[in-house]
Amino acid sequence: MQQGEVERISVAVARAAVSAGRALLVSAYDDDRCARVRLEGFIMLSDLERRAASLPKDQQLIFYCA
């Protein structure tokens with residue numbers, strides 16, 4: 001993967017990582033009104049920014065947009 005490219009993963013891989021607690025699912029939108037799809041266990045981008053200091057550093061961040 002080259003610099004600036006985004007790694008894409010399958011839904012199954014994302015679901016498994018979130019379910020196992022290895023990843024945090026983040027809506028790529030910073031406004032609740034803009035988030036059209038709310039997936040189970042997700043947080044808003046603005047929540048990620050607010051909570052960044054308290055989040056586990058070993059947890060993968062998976063961003064989604066829809």
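Reader: What does the accessible surface of the protein chain come to?

Author: First, a heads-up: this is a predicted model, where local features need pLDDT of at least 70 and side-chain atom pairs count only at pLDDT 80 or more, while totals for chains, interfaces and linings use all residues. Residues are numbered from 1 along each chain as its sequence is written, and side-chain values use heavy atoms, with hydrogens and water left out. Areas come from the Shrake-Rupley method with a 1.4 Å probe, and for residues only the protein chains shown count as cover. Carbon and sulfur atoms hold 51% of the surface, and the total is about 5,100 Å².

Reader: Which residues make up the largest nonpolar core?

Author: A nonpolar core is a set of buried Ala, Val, Leu, Ile, Met, Phe, Trp, Tyr and Cys residues joined through side-chain atoms within 4.5 Å. Buried means under 20% relative accessible area, exposed over 50%, partly exposed in between (1.4 Å probe, protein chains only). The largest one has 6 residues: Ala-14, Ala-17, Ala-23, Leu-25, Ile-62 and Tyr-64.

Reader: Why does Tyr-64 count as buried?

Author: Tyr-64 sits in that largest core. It counts as buried because its relative accessibility is 11%.

Reader: What kind of aromatic pair do Phe-42 and Tyr-64 form?

Author: Rings of Phe, Tyr and Trp (its six-membered ring) pair if their centres lie within 6.5 Å; planes under 30 degrees apart are stacked, over 60 edge-to-face, the rest tilted. The whole structure has 1 such pair. With 6.3 Å centre to centre and 80° between the planes, Phe-42 and Tyr-64 are edge-to-face.
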